[in-house]
Amino acid sequence: MNKYKRIFIVGHSGAGKGVLAKALAEKLGWKFIDADFALAPSIGRPLTEIIGNEGEEAFLHCLSDILSHQKRQENIVVLTDDSIVCSDKNRELLSSEFVVYLKVSTPVQLERISHNRPLLPLDDYKAFLNKLRQERDGLYEQVGSFSISSDDGAIDQHVLSIINAMEQQ
């Protein structure tokens, strides 16, 4: 079919990465791997505030180890942690892979997150999400081989678009 043997789904929490990754794996007959910890979006605080600078560094290193292991497997679709792009090493590891950046607008993201997990009290959750966007959107764009907006929830259509994009590369 194509040269790619792995697909990594990146993007913000609430984009629908898990739903898309499962549907894509099923359509391709590949294995679905869930490597999303969703710490910051679940708690509503930056990683450094949750686990400290050294903890964040260790967490990102752990993500690198997981990513390195996944790159030795074939025929997998990987749901990644939101923070996967926050390390130079992880972006380098993803550079040779087929990476789908699943975009989501802030209103849709807020709605989806609030339905899928209890949000901890935060004065302005929208401001927190917008801060993550400022930090990460450019990094997601940088690693993405293909980008698509999930706001419409058209999972089947998105799966076909991704397969089509893989075949074109």
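Predicted model: local features only at pLDDT ≥ 70, side-chain atom pairs only at ≥ 80, totals over all residues.
Local features need pLDDT of at least 70 and side-chain atom pairs count only at pLDDT 80 or more, while totals for chains, interfaces and linings use all residues. Residues are numbered from 1 along each chain as its sequence is written, and side-chain values use heavy atoms, without hydrogens or water.

The chain contains 7 helices and 5 strands. These are DSSP runs, numbered from the N terminus (helices: H or I, at least four residues; strands: E, at least two). Their order from the N terminus is β-α-β-α-α-β-α-β-α-α-β-α. The radius of gyration is 15 Å, close to the 15 Å of the globule rule for 169 residues, so the chain is as compact as a globular protein of that length. The radius is taken over C-alpha atoms; the rule is 2.2 Å times the number of residues to the power 0.38. Along the principal axes, the C-alpha atoms fill a box of roughly 50 × 35 × 25 Å.

Of the 169 residues, 46% are buried (under 20% relative accessible area; exposed is over 50%, partly exposed in between; 1.4 Å probe, protein chains only). Among contacts (heavy atoms within 4.5 Å) with a separation of 6 or more, 79% join residues 24 or more positions apart.

The structure holds 0 disulfides (pairs of cysteine sulfur atoms within 2.5 Å). Cys62 is in no disulfide; its nearest cysteine sulfur belongs to Cys86, 14 Å away. That distance is too far for a bond. Cys62 is partly exposed, at 35% relative accessibility. Cys86 is also partly exposed, at 31%.
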